[in-house]
Number of protein chains: 2
Amino acid sequence: MADNRPPDASRRSESARRAIHDAALALVAEVGYPRTTIEAIAARAGVGKQTIYRWWPSRAAVLLEAFVGLGERAAGQSGTDGTQAFPDTGDLAADLKAVLRATVDELNDPAFEAPTRALAAEGIVDPRLGAEFVQKLLEPSLQLYAARLRAAQEAGQARADIDPRTALELLVGPLTHRWLLRTLPLTHEYADAIVDHALRGLAP
Amino acid sequence: MADNRPPDASRRSESARRAIHDAALALVAEVGYPRTTIEAIAARAGVGKQTIYRWWPSRAAVLLEAFVGLGERAAGQSGTDGTQAFPDTGDLAADLKAVLRATVDELNDPAFEAPTRALAAEGIVDPRLGAEFVQKLLEPSLQLYAARLRAAQEAGQARADIDPRTALELLVGPLTHRWLLRTLPLTHEYADAIVDHALRGLAP
DNA sequence: ACCGGGAGACGATACGTATCGCCTCGTTCC
DNA sequence: GGAACGAGGCGATACGTATCGTCTCCCGGT
């Protein structure tokens, strides 16, 4: 029979949790996502399969949690408040270019690319995981764009009659498009071009 | 031993090919992509598994070919030359809105959504399939945008100093972003907003 | 005779479930 | 206050199922 009782989280082993995270990330980097099976993760982490099945609904959920934890640790090192800072030098175009260029570098980094692609792909097919992916990994960054764009509106650097949400997608959308679909290489020049065109517009 | 000799394509059974296409499309629509296994396709098509393995490298390749065939048949019905027409009424904004709205409708159509999502997800992880997906399904549409934008430049409706490729991605990128990541619902209003903002720009 | 096609057996994984002892807790009873 | 006692998570592993990709086997058309 299936055990439908929810496990007691207070008795959960933190060491097993971390070992599973580490094993998942290592395996994705070493052998790729398709071969990062639950059995392989369990073996590598020195953990029983049931310990994974007890706490996570799917292989992708394990990787997502591990990856989010990785990001949090990285963010905790540099900043004090945990949220990355979005530059505001008063020059909107320059600030956006700086951030988009940094995003380009991150997306081109093989260490980030493998797990991010795997999670994005899984999220595209599975709405539940997709929502979690967006909420935990993507949305926090997008909110920083929105805040910067609102500041720009108040400072008169951007039209006041636009929805910051739509404006932000005009910048991030093309970058994501090119990266996910690999239509053309993702470069700093492309990031700059997007910002220039988005701000000035395509009309004469 | 593995049979490395390429099979003789001239003796290939066209009826088996079409039966496999139909079975793949029907299964994706009925039970979803994960359960559209090669064995299920073979059984449904009344075909031996080896017949699939002989001609296609992967399950995704089967579905991609079937889906492309579907699109070609649909295009062949309406137009005479096989390529969809991109409107050119002289009003660039109106033309772009019409096409983006049509794209929104297509992406929101469940019959198109399931296979397209599955193929996009597979292509994100597998570069070979991704390239084929882009070349066979996406690029033909994008070329129509590029052509319309070049016409707009010659007619003075768009800045002459922009690369049509980048301009096109400014329009298509946000739409794809929202659809793939499901951040917010995909509506006609959103399509219109993208066109307006892309043409006018975000700067005051 | 050759070769593609239908059918399906076959070994190899990976899945998800079910137990088995082991260990660590908090509780209870003297 | 210290020992006995559940409860429950943990490592480990056996189990049945599903799918993979390969390998025959025989049939039928050319």
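Predicted model: local features only at pLDDT ≥ 70, side-chain atom pairs only at ≥ 80, totals over all residues.
Analyst: A residue is near a molecule or strand if its C-beta atom, placed from the backbone, lies within 6 Å of it.

User: How many residues surround DNA strand D, and which are the closest?

Analyst: There are 24 residues around DNA strand D. The closest are A:Pro7, A:Asp8, A:Ser13, A:Gly48 and B:Thr37. Next, look for the elements behind this surface. Helix 3 (49-55) of chain A gives two or more residues, and so do helix 2 (38-45) and helix 3 (49-55) of chain B.

User: Which helix gives the most to the surface near DNA strand D?

Analyst: Helix 3 of chain A does, with four residues.

User: Which helices each supply at least two residues of the surface near DNA strand C?

Analyst: From chain A, helix 2 (38-45) and helix 3 do. From chain B, helix 3 does. The largest share, four residues, comes from helix 3 of chain B. The class count for the surface near DNA strand C is seven nonpolar, seven polar and ten charged residues.

User: What does UniProt place at residues 14-74 of chain A?

Analyst: A record can be set beside the model. UniProt, in an unreviewed entry, gives "domain: HTH tetR-type" for residues 14-74 of chain A. In the model, that span is 80% helix and 0% strand. Its end C-alpha atoms lie 19 Å apart.

User: Which residues of chain A does the annotation "DNA-binding region" cover?

Analyst: According to the unreviewed UniProt entry, residues 37-56 of chain A. Over residues 37-56 the chain is 75% helix and 0% strand, with end C-alpha atoms 13 Å apart.

User: Step back to the whole chain. Into which domains is chain A divided?

Analyst: Domain 1 takes residues 1-82 of chain A, and domain 2 takes residues 84-200. Their C-alpha centres lie 27 Å apart. Across the boundary, 13 residues of domain 1 of chain A are in contact with 13 residues of domain 2 of chain A.

User: Which helices each supply at least two residues of the side of domain 1 of chain A that touches domain 2 of chain A?

Analyst: Helix 1 (14-31) and helix 4 (59-78) of chain A. Helix 4 of chain A holds the largest share of that side, seven residues. By class, the side of domain 1 of chain A that touches domain 2 has eleven nonpolar, two polar and no charged residues.

User: Next, the two chains. How many residues of chain B are in contact with chain A?

Analyst: 39 residues of chain B are in contact with 39 residues of chain A. On the chain B side, helix 6 (110-125), helix 7 (127-154), helix 8 (164-181) and helix 9 (188-200) give two or more residues. Helix 8 of chain B gives the most, twelve residues. The side of chain B that touches chain A divides into 24 nonpolar, nine polar and six charged residues.

User: One backbone detail. What is phi of A:Arg182?

Analyst: Phi of A:Arg182 is near 55 degrees, a positive value in a residue other than glycine. A:Arg182 sits in the loop between helix 8 (164-181) and helix 9 (188-200) of chain A.

User: Why does A:Arg182 count as partly exposed?

Analyst: Count the neighbours. A residue is buried with 20 or more other C-beta atoms within 10 Å and exposed with 12 or fewer. A:Arg182 has 16 C-beta neighbours inside 10 Å, so A:Arg182 counts as partly exposed.

User: Where does B:Arg182 lie?

Analyst: B:Arg182 is in the loop between helix 8 and helix 9 of chain B. Phi of B:Arg182 is near 55 degrees, again positive in a residue other than glycine. With 16 C-beta neighbours inside 10 Å, B:Arg182 counts as partly exposed.

How values were computed
Residues numbered from 1 in each chain as written. Chains lettered and ligands numbered in written order. Domains from an automatic or database assignment. Contact = placed C-beta atoms within 7 Å. Nonpolar A, V, L, I, M, F, W, Y, C, P; charged D, E, K, R; others polar. UniProt positions renumbered as here; feature names shortened; annotations may be inferred.
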